[in-house]
Amino acid sequence: MESSIQQYKQAVSVIKDAILYSQYRAAKLVTGEQLSLYFGIGGYVSAHSRQEAWGTSVIDRISEQLRRELPGLRGFSSQNIRNMRTFYEYWKQYLICSPMASKLQIAVNKDVIDIDNFSLQKWSPMASEINREEFLGISFSHHMEILHKTKDLHEILFYIHQTVLHKWDKYDLRDRLKEGLYQKQGAAANNFLQTMPVNDARKAVGMFKDEYLLDYINIDEMEVDKPEDIDERVIEKAIVRNIKQFIMTFGRDFAYIGNQYHLEIFGEELFPDLLFLNRELNCMVVVELKKGAFKPAYIGQLQTYMKVLDDKVRKPHENPTIGILLCKSANKAFVEYVIRDYTHPMGVATYKTAEDMSEELRKALPDMDEMRKLLINESDTDN
């Protein structure tokens, strides 16, 4: 009977995953088709409104007439048609090859709109740094939220990636744009581009920040006689007690494996501080904590952990382990100089605890006892 129940649950899980994946693929195809259509219409409108004597009211009249002739048509307000023009005029320099651009111009002059601009054959070599799947994976509304905020390519690609990664809706994205997440999100000093495949390296660069606020670690609340008695193990224990918040600080798709994870090789025992699995990068992430400033010797220690994890723990389908060193302070330029010749992917970031923040900011934070109660209640609900 129990075996039958397990088979039933397994079948439901497998079928559900297939349905969700199929829905995702279908939605992505629809989004890609819509973006290609809007890009083509944007090119047509751009050519006529910028190069010819279209009056200022022509787009308004086009929108009105389209809605008359196609009742129920959505997405073709005069503002949205102007947005299509903006979309085309920004992305044409990156997405359309020069020969194809000239063909597109001929098509526009013949009053024909190319709705297949984003086929693989027409994707420009200049677009090599653009993740095609991510670009086509977010809606036109998302694209326009970003383009209305910034025209910097790297910032745009950052928000596209974060939108896909975190599955933001339009309003989530708008909030992140208002916060200026790109400006706040400094990447940790790292050697990812030298040690990882390009796409994975870009994901890792966007994932690991140069500073983490561990505001749930309050020195005043710790059971030690003096502040100087605080060491890495004390901080580590505070993180483990608040592991859900730590993972939320790090980002999505992290799963906690353990702390002081036991490793042994050639009779030597090793105990890395924290070990996670990241589903997005399909690899383990080992985090080593240091209470003081960065020292080059810490990198050697971290790389040793990574080598043993890759040799003894990593599964065949997983990518090589990433190492993150968290220090109280670090000279970013010096760190990048030190790690640039290491062959394992690693980053170095700093952290702040509650005592490092101004009194005004500390008062603005939620009460930690209340936060713990909420987390306990949420955990009970999940169970």
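Mentor: Keep in mind that this is a predicted model. Let's start with a helix pair: the crossing of H6 and H8 is right-handed.
Trainee: Which residues of H6 and H8 make the contact?
Mentor: On the H6 side they are Ser141, His142, Glu145, Ile146 and Lys149, and H8 brings in Lys170, Leu173, Arg174 and Leu177.
Trainee: And how do the residues of that contact divide into nonpolar, polar and charged?
Mentor: There are 3 nonpolar, 2 polar and 4 charged residues in the contact of H6 with H8.
Trainee: At what angle do H6 and H8 pack, and how far apart are their axes?
Mentor: The angle is about 15°, and the axes are 9 Å apart. H6 covers residues 140-149 and H8 covers residues 170-179.
Trainee: Why are H6 and H8 called roughly parallel?
Mentor: Angles under 35 degrees count as roughly parallel, and theirs is about 15°, so H6 and H8 are roughly parallel to each other.
Trainee: New topic: what is the phi of phenylalanine 266?
Mentor: Phi is near 50° there, a positive value in a residue other than glycine. Phenylalanine 266 is in the loop between strand E4 (263-265) and strand E5 (268-270).
Trainee: Is phenylalanine 266 buried or exposed?
Mentor: Phenylalanine 266 has a relative accessible area of 83%. The cut-off for exposed is over 50%, so phenylalanine 266 is exposed.
Trainee: Where is asparagine 282 found?
Mentor: Asparagine 282 lies in the loop between strand E6 (274-278) and strand E7 (283-289). Asparagine 282 is not a glycine, yet has a positive phi of about 55°. With 26% relative accessibility, asparagine 282 counts as partly exposed.

Notes. Residues are numbered from 1 along each chain as its sequence is written. This is a predicted model: local features need pLDDT of at least 70, side-chain atom pairs count only at pLDDT 80 or more; totals for chains, interfaces and linings use all residues. Side-chain values use heavy atoms; hydrogens and water are left out. Axes are lines fitted to C-alpha atoms, for helices over the stretch in contact, and angles run from 0 to 180 degrees between N-to-C directions. Helices (H or I, at least four residues) and strands (E, at least two) are DSSP runs, numbered from the N terminus. Angles under 35 degrees count as roughly parallel, over 145 as roughly antiparallel, 65 to 115 as roughly perpendicular and the rest as oblique. A crossing is left-handed if the near helix is turned anticlockwise from the far one by less than a right angle, and right-handed if clockwise. Contact means heavy atoms within 4.5 Å. Ala, Val, Leu, Ile, Met, Phe, Trp, Tyr, Cys and Pro count as nonpolar, Asp, Glu, Lys and Arg as charged, and the others, Gly among them, as polar. Buried means under 20% relative accessible area, exposed over 50%, partly exposed in between (1.4 Å probe, protein chains only).
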